[in-house]
Amino acid sequence: MSTARAGLRPRQQVHRGTVRAWAFWFDPALLGEAEVRRRILTMWTPGVSVRAVAGGYLVGMSAPRDVACGAAPGLPLTLEQGVLTSAPLSQAERQHPSLQEGAVVLVLGGKAQAFSPEALPRVDVAAWLDVSDWTVLPARTLAAPPPPVSVLESVPAPSRERFGPGMPELAPEARAMLARMEGRDAPESAVALRQGWWERLRARFSRDGTVLRHGPNSGGSRPGWMARLRAAFSLGGVDAAEGTATPRKAGLLARWRARLQRSSEVATQRALPPPAPPQGPSPWSRMSEWMLRNTLLGVWMQQRKAEYVRRLFEMFEEGNLHEALRHAIPLGQELSENARVALGLPGPREQLAIQLEPKGAGAVFAGGPDIFAALRQRYREAFRRLEREGRIDEAAFVLTELLGAHEEAVSFLEKHGRFKLAAELAEGRNLAPGIVVRQWFLAKDVARAIAVARRSGAFADALVRLERTNPPEARALRRLWAETLAASGDSARAVQVIWPLTEDRGRAREWLERGVAGGGATGARLLALWATAFPDGLTVAGAQVRELLESDAPGRANERFVFGLSLAGEDASPNRTALAVPTLRALLRDRAAGNARFTSDLDLIHRLLSAAPDGTLRADLPSLADCIHPAWRDNHSHPRVDVTVRATEVGSFTLHDVMALPDGRLLYALGEAGARLVRQDGRTVAHFDVPAFVLVPSIHGDRALALARRGDVWRLSRLDLMARRSKPWCDVALTGWAPSYDGDVWFVACENTVMMVDALAADFRALWRVPDLSQPVSVIAADATHMSFLVGTEARWTYVLANGPTLRDRSELPPEVAGDPGAPSSQALAPDGEAALLWTSGPRTSSPVWLKPVSFRASTRQTREREALRSVSLTQDWYGELLDLEGDWQLQLFDKRDALRAVLTFEGDVRPQVRLAEGTLLAFDARGRGLWLDLESGEVRHLAVS
């Protein structure tokens, strides 16, 4: 409905010459309806709005443009002090009460009419398009679907042939026993003939209670179950080894009588306070122990075990190592009172092959400590004998499979030059990643060594292990580590790693220069190293040093402080001495202006004074008090930030995504128009001609990934922001991804699989994955220490990344989330598992549900019932809520204390997007409007989109 008001008659009726038009008005009575529609459709671009007003159409442009009034497609409207007007207004005319900010003024028939844009009805221009004659063609694929993702899988177990060509076939009896141990049916070829049922029944009920054994394995007789039953209830027990009743062990009746006799002694002790009960065995262990001690099954099991152990000892005593090792009992796990008592018998092994996969508690043979000590002694003797005979692989088999000495077995194999087998054993037994990397490097499989090191982050550990024994290999690994860091954009760590190799200082200098070009605190630290570590460093980098130290920009105060810290930590040199005084003056200037946001700078000032060439400045400088300027994020005495983006402040193009770089530059994702790197004032630095709807920045700020949907797959492209180059990467079906990456690996989800993707590989490959999850994964968050993801509406999984991804926690989602098939409508996740889940519980009522972090970080989030809440954003220190205020959108930012620190309002009905990181908050929309909030200083800047 129009809110036209009369009373203003401007002296000028239309604009003349060339003006900057923000909108156009078209009159169908003058041009005709068909011509008006044609002109509007011709100038249509994303972000253009069409509204009906004054019998015509008001077309609001997505970005202003300069036009000649005589050649304009319609009546141009300019923006003057927040008012869109079709004619120039004098200063007095602008003061008219009908001209409120945001109004639209049309001068028609000599009179000015003012309208409120929100009251004007929108026009759907799609209804103007006649598509009745169009023919829908069937879609055809343009290429083959993406290939399966290759994964760095575990190495296969060594084959039987690896342990010698003379390895005999497994006996049928051993095959049957192995099958029973594994819970599967024995193969028909391995089943031996058994006695008939009549013979077994007659033997069980014989007078002496013995069972006759037939066949080649018959070695005498043993008691039947009736004899053992009588012995169990007698005053004597049953000897487990001989099967005869002896007075060595009391029967059930004797134990019952002895228990009654002790009751009087127990009664005398009840007056005393009982001691704290020790932690006993588990219920299953107690039940298993009771079954072994008090049932016929236990008697039978003990007898079978005694017979098995006796035969095993006989094999060792006879020197029959071949058969002894096939029947040997593994001792790789320590027994305790809480250990589960195994009810099965170990059977002969199929092969004397080292099993790379870890074994569970069920594979431990239950026995007393004396038996295990004796077995361990026999195994050690067998190991020494095999070593003397040169049977190295079989000796390693005894160490790892029977004694459980995995690291000793790896070291033994390395000592004898079996590097590849040592590497396979180290990785299969889940030894420390540093050991695995070291062994693969010694085995000359450098590619796998580097892949495992990148997956686990074990470069440093492997380097330390190599330096002690293999210095040449250690130097090669150091170079490869530095090259990997440099390739991923971590120039600072690459320089630090390669610096001990003096012959590679040239490469270190190249990485220094690239890191300095990246700017930010890291660039400032590398700039100090560059200027002092090389004789010509101050000459080459002098211009950049002067630019940093002489700048008055408050935002670079932290860079100057970091530069000073790095300079004070360098070795004494002429260049360091020459820079001490200029750096000190820059820090004092920041201190006087209140720009410094560090905790204390007194220690740094004193260190730089001591490095000054003379004592003049030290003598002239007055006594300084400790100066503390806490950052905005930590200082709650500052007022909250309140900023409003007007509806008329539209940009030149649509923003699909935005990321901020450490040096203050911005990267815009413009959809099919590519990506654009701009300075803070909006001037273009570089344009990348690849489709970009989503950006995934590197934490080092030197590169990014650009994503564009192509049907069921996403097209991925790499952007090198330092070299200003772009390159397509691959097409892959993704359902979720981490919003940032470290330049080396990137965590993504493909339906029910989560993967650690190699971001440096030419194709799309994974270094690690979690397959076959119960539901698809759409939300992932990762940093240097943790990675978390949500499995549909079912569970949250959190991994620690040190030494390779290791599952830390798996928690079910709250019932109110898991029970709603349509929930959650918005999800926010922190790397350490803290999550805010938002779902719609009514027509307009929304409230988040919180999951606490897995780490020890304290979290004090509060649940707020807000009808207008539409989405949530989350980091470890910040939390944002996006509210729909019926015409406007508002973003409210809370800190880790749950205090409201900033309110950002976007006028209009275009929903903004939010990118919340630890140091910055970016909010932007499809109309080219945006805000950048520095979470350290509290400084707010409007995004320059022109």
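1. Helix H13 (residues 392-402) is mostly covered, with eleven of its eleven residues buried; buried denotes a relative accessible area under 20%, exposed over 50%, and partly exposed the range in between, with a 1.4 Å probe and protein chains only. The buried residues of H13 are Ile 392, Asp 393, Glu 394, Ala 395, Ala 396, Phe 397, Val 398, Leu 399, Thr 400, Glu 401 and Leu 402. After H13 comes Gly 404, which has a positive phi near 70°. Helices (H or I, at least four residues) and strands (E, at least two) are DSSP runs numbered from the N terminus.

2. On provenance, this is a predicted model, in which local features need pLDDT of at least 70 and side-chain atom pairs count only at pLDDT 80 or more, while totals for chains, interfaces and linings use all residues. Residues are numbered from 1 along each chain as its sequence is written, and side-chain values use heavy atoms, with hydrogens and water left out.

3. As to overall composition, the chain contains 28 helices and 40 strands. Of its 946 residues, 49% count as buried. Among the contacts with a separation of 6 or more, 52% are between residues 24 or more positions apart, a contact being heavy atoms within 4.5 Å.

4. Helices H18 (residues 459-469) and H19 (residues 471-487) have axes that come within 7 Å and cross at roughly 160°. The axes are lines fitted to C-alpha atoms, for helices over the stretch in contact, and the angles run from 0 to 180 degrees between N-to-C directions. H18 and H19 are therefore roughly antiparallel to each other; the classes are roughly parallel under 35 degrees, roughly antiparallel over 145, roughly perpendicular from 65 to 115, and oblique for the rest. Their crossing is left-handed, that is, the near helix is turned anticlockwise from the far one by less than a right angle, whereas clockwise would be right-handed.

5. Which residues of H18 and H19 meet? From H18 these are Phe 459, Ala 460, Ala 462, Leu 463, Leu 466, Glu 467 and Thr 469, and from H19 they are Pro 471, Glu 473, Ala 474, Leu 477, Arg 478, Trp 481 and Thr 484. The residues of this contact divide into nine nonpolar, two polar and three charged. Here Ala, Val, Leu, Ile, Met, Phe, Trp, Tyr, Cys and Pro count as nonpolar, Asp, Glu, Lys and Arg as charged, and the others, Gly among them, as polar.

6. Val 497 lies in helix H20 (residues 491-498) and is buried, with a relative accessible area of 7%. Leaving aside residues up to four places away in sequence, Val 497 touches Arg 478, Trp 481, Ala 482 and Leu 485. The C-alpha atoms of Val 497 and Ala 460 are separated by 9.3 Å, although these residues are 37 apart along the chain.

7. Helices H14 (residues 406-415) and H16 (residues 433-442) pack at an angle of about 15°, their axes being 12 Å apart. That angle makes H14 roughly parallel to H16. H14 passes H16 in a left-handed crossing. In the contact, Glu 407, Val 410 and Glu 414 of H14 meet Ile 435, Arg 438, Gln 439 and Leu 442 of H16. These residues divide into three nonpolar, one polar and three charged.

8. A search of the whole structure finds 45 salt bridges, each defined as a side-chain nitrogen of Lys or Arg within 4 Å of a carboxyl oxygen of Asp or Glu. Side chains of opposite charge can pair when their charged atoms come close. Arg 385, Glu 389, Arg 391 and Glu 394 are linked in a network of such bridges.

9. Arg 560 lies in helix H24 and Asp 590 in helix H25, so the pair ties together parts that are 30 residues apart in sequence.

10. Arg 20 pairs with Asp 66, the closest N and O atoms being 3.2 Å apart. Arg 20 lies in strand E1 (residues 18-26) and Asp 66 in strand E3 (residues 56-68), so the pair ties together parts that are 46 residues apart in sequence. Arg 20 is partly exposed at 43%, while Asp 66 is exposed at 53%. Asp 552 and Arg 589 meet in a salt bridge at 3.4 Å, N to O. Asp 552 sits in the loop between helix H23 (537-550) and helix H24 (557-569), and Arg 589 in helix H25 (residues 574-593), 37 residues apart. Asp 552 is exposed at 58%, and Arg 589 is partly exposed at 31%.
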